[in-house]
Amino acid sequence: MQLDLDFFKVRDYLYEHDKAGIEEVADATGVARKAIMYLLKEERLLVGDENGYNGGILKCESCKKPINTGRMCAGCKNELIKALQPDAPLSKPKPLPNEDIEEESIKGVAKLQLSGRKRR
Ligand SMILES: [Zn+2]
C-alpha cells in the first residue's frame, strides 16, 4: 500500500532528523503533505514541539482542541469508548466528520515525531 511506503520513507527520515518540520520531511522524502496528514490521523506519527505545540494542524474532530496525533483528544476518545460499552445508555456516538484534509492548512513550523514503537 502506498501509504505504508510513504510511512517507511518518513520514518527513516525521522530516525535521522528527529522533530523535522512537515515541510522539511515532505520535501526531503517526496511524500505528499496530505499523506503525512493521514499518517498523523492514523496515529503513526505525532506532531508537536517540546511544548506540545502542533502548529495548529491537528484538531480533535469532536471538540476542536489541538491534538498531537489521531483524530480525537483523550477526553473525547474516552467519551466515545464509554458510549460504545454494551451497558452504556443508548445514545449513538456522533459519526466522525469525513472532511477533506486541507493541504494549505499545513504549517511548516509543526514538528513531526514517530509515534509508539521503540526505535531500532
Ligand atoms: Zn476532543
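User: Which residues in α1 meet which residues in α2?

Analyst: K9, V10 and Y13 in α1 meet V25, A28 and T29 in α2. Contact means that the C-beta atoms, placed from the backbone, lie within 7 Å. By class, that contact has four nonpolar, one polar and one charged residues. Mind that this is a predicted model: local features need pLDDT of at least 70, side-chain atom pairs count only at pLDDT 80 or more, and totals for chains, interfaces and linings use all residues. Residues are numbered from 1 along each chain as its sequence is written.

User: What makes α1 roughly perpendicular to α2?

Analyst: The axes of α1 and helix α2 (residues 22-29) come within 10 Å and cross at roughly 115°. Roughly perpendicular covers 65 to 115 degrees (under 35 is roughly parallel, over 145 roughly antiparallel, the rest oblique), so α1 counts as roughly perpendicular to α2.

User: Why is α1 called roughly perpendicular to α3 too?

Analyst: Helix α1 (residues 2-16) and helix α3 (residues 33-41) have axes that come within 10 Å and cross at roughly 90°. That value makes α1 roughly perpendicular to α3. Here L3, D6, F7 and V10 in α1 meet A35, I36, Y38 and L39 in α3. Those residues divide into seven nonpolar, no polar and one charged.

User: What pattern does the protein chain follow along the sequence?

Analyst: It reads α-α-α-β-α-β, with helices being DSSP runs of H or I (at least four residues) and strands runs of E (at least two).

Conventions:
Axes fitted to C-alpha atoms, helices over the stretch in contact; angles between N-to-C directions. Contact = placed C-beta atoms within 7 Å. Nonpolar A, V, L, I, M, F, W, Y, C, P; charged D, E, K, R; others polar.
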